[in-house]
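The following exercises treat a two-chain model and are to be worked with the sequence and coordinates at hand. Each task is followed by a solution in steps.

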Amino acid sequence: MHTLFEFVTYTKSVEYLIAVGFLLLFVAFWRYINTSPVAARRTATAPSLASRLADYVGGFLVPDQTYFHPGHAWVRAESGDVLTVGIDDFGQKLVGKIDTLRLPKVGQRLSQGEPAWELGAAGEVFNMLSPVSGEVVEVNPNALWTPWVVNQDPFGDGWLLKVRTPRKTATLRSLLGTDLAKRWIEDARARLLVQPRHENLGRVLADVGPARDGIARALDNEHWGEIVREFFLTAEDEHETRSNP
Amino acid sequence: MTENISKVRQSTWFSEKILLGLTIKDYLRVLATPINILAALVIMVGLPFIVMRYVFGLAAVTYSSNDQPFGLFLSWGLFAGVPMASTGFIMATAVYLFGLKEYKPLVRPAVLTGFIGYFFAVIFLLIDLGQPWRLPYPMIRSFGTGSVLFLVAWHVALYLSVQFLEFSPAVFEWLEAKRLHRWAVGLTIGATIFGVILSTLHQSALGAMFLLAPAKLHPLWYTPYLPVLFFVSAIFCGMSVIILEAALVYKLMPKRVDPRHFQTIDRLTLGLGKAAAITMLSYFCLKFIAVAHENAWPLLATSYGRLFLLEVGGFVLVPGFIFVQATRRRSAALARLAAAITVPGVILNRLTVSFFALNYDLPNREFFHPREIVIAITIITIELLLYRWVVNRLPVHRGLPADSYVH
């Protein structure tokens, strides 16, 4: 072996060099493939981190320009007389990973305060109340196929229905605006503290991301369904129709 | 009277399930399309050649010999067909073992493609081997546990059965056999795990077969890494096949697809494209590690070297790069383009390993026999017709998971 070239060739160092080169290349490749020019453009127009953090109340997202129903559904105005409806961040964190969703069909009429859809989590099924009255014009297929999209992005990809309502302004006025909703969520958080096993609450609420098992189960594994129904206003002793807050 | 009622019921069942709700007369009328007529012509030309192969022997339809052991039947049907049929184990693993449940709409199409792919690989094998009644011989009668073919025979037979089990929920749904359906769904996880073990082993076993002939295969392709290379390339090949298959079915047979799937297919295509890009980068580097291992660098300047560079550059690096751009730009169309280049690339690789680069230094090498090509086209036509027949009837691209529905 006289030269470096021969040394590299005969000791098969090239194989190792390619392998090491591959690992280095992979780091660069991974960064490159995950930085999308499309995503960068989106981020540029997205609200700043500071304003996003301001949207959190006690670990629960309460975004601007969104209206809330006390049964933990949200409403957002679209163009024309259409409203988008979904489950709020508190609601999804309360139940944890949503396994199934049973949504009304397109064309079906909803009444504010009446049960409108069902969600299933950890073997329990919960009714949720419609925050608006009107006719369903679109159902989110992603939420039907992959209900956990509601946990991942409750105010974005996890929307549930688009509803056409003739009295859009009056409907929105009957719901909680962002400022009121922030106080209401604080109150809801305080109500969690009076639950019998609230000693777990600090740990549970520290998890700002989607809690897999849900806050209610972490609080009381046996009676968690009752806790959820209490917050969703669908507990058995509350049969009367609920409408305006 | 009871007889008449049962006759009517029977005819309704036949009409609903087999004739797509039409009468025999209407069904035959609907069938008379230019594509179907062309397919019928191809089969009419090809079938006599298949009969000829069984009557007059292999020499009547191929140039296969001891020097050229694998003709088009095995190079195309088995070596190229099996990686294209890796769709089933890839999607079943992703959804049932890795928990990527959003890909669920692609599991049934992928398992069906896998099943049909393997089934026809066996058909090609039977045409090549002849004497179909001796098919079980390498498995039970005169098996050699040291033989790679023993491994391949058992794997293909077992995996074909496993894929049928994996697809059976769709069959039972079609037949409305609820109890059997429940039973088949219960077997899914077990069948998937068994399927992953089998397919990992036999995708690589096809490569391992060439380890028996180190002197015969061109050094640019011969490498002890062949089993790994075969397995890794089967992964991105399968992903590309799923991308193309979904694109074609959604375009050509939109009525057979659940309308909700149209909104998610682009996202799923991009996910598969990204995974394929990552696998292809690994494969690209492995290919050069193999060249370094054999120290075959000088051969890159020869004509076989140009073929090697075409295969690795034009059919791995280029589509891999397009997959990356598709991911970054969120363009499902680009991902489909990349997939359309990737699949022929893997086919070229398998044809090269089992045909072009095998016994490359012998004089007087023959190309494929024209009759062999006609037979291969005939089998591919039957394969496509079968796929279309099943998709038209069974819930392959339709049907929601039982736990999510609209009321």
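**Exercise 1.** How many residues does the contact take from chain B and from chain A?

*Solution.* The model is predicted, so local features need pLDDT of at least 70 and side-chain atom pairs count only at pLDDT 80 or more, while totals for chains, interfaces and linings use all residues. Residues are numbered from 1 along each chain as its sequence is written, and chains are lettered from A and ligands numbered from 1 in the order in which they are written.

Step 1. Two residues are in contact if their C-beta atoms, placed from the backbone, lie within 7 Å. The contact takes 24 residues from chain B and 27 residues from chain A.

Step 2. On the side of chain B that touches chain A, the elements giving two or more residues are α12 (261-294), α13 (303-329) and β1 (405-406). Helices (H or I, at least four residues) and strands (E, at least two) are DSSP runs, numbered from the N terminus. The most comes from α12(B), with 10 residues.

Step 3. By class, this side of chain B divides into nine nonpolar, seven polar and eight charged residues. Ala, Val, Leu, Ile, Met, Phe, Trp, Tyr, Cys and Pro count as nonpolar, Asp, Glu, Lys and Arg as charged, and the others, Gly among them, as polar.

**Exercise 2.** Determine the strand order of the open sheet formed by six strands in chain A.

*Solution.* Step 1. Strands pair if DSSP finds at least two bridges between them. The order is β3-β4-β5-β11-β10-β7, with antiparallel pairing.

Step 2. β3 (67-69) and β7 (109-110) of chain A stand at the edges with a single partner strand each, so one side of each is left without a neighbour in the sheet.

Step 3. Within chain A, β10 (residues 134-139) and β11 (residues 161-164) pair in the antiparallel sense over four bridges. A:V136 stands opposite A:V163 in β11(A).

**Exercise 3.** At what angle do the axes of α4 and α14 of chain B cross?

*Solution.* Step 1. Axes are lines fitted to C-alpha atoms over the stretch in contact, and angles run from 0 to 180 degrees between N-to-C directions. For α4 (residues 72-84) and α14 (residues 332-356) of chain B, the axes come within 9 Å and cross at roughly 135°.

Step 2. α4(B) and α14(B) are therefore oblique to each other, given that angles under 35 degrees count as roughly parallel, over 145 as roughly antiparallel, 65 to 115 as roughly perpendicular and the rest as oblique.

Step 3. The residues of this contact of α4(B) with α14(B) comprise 12 nonpolar, two polar and one charged.
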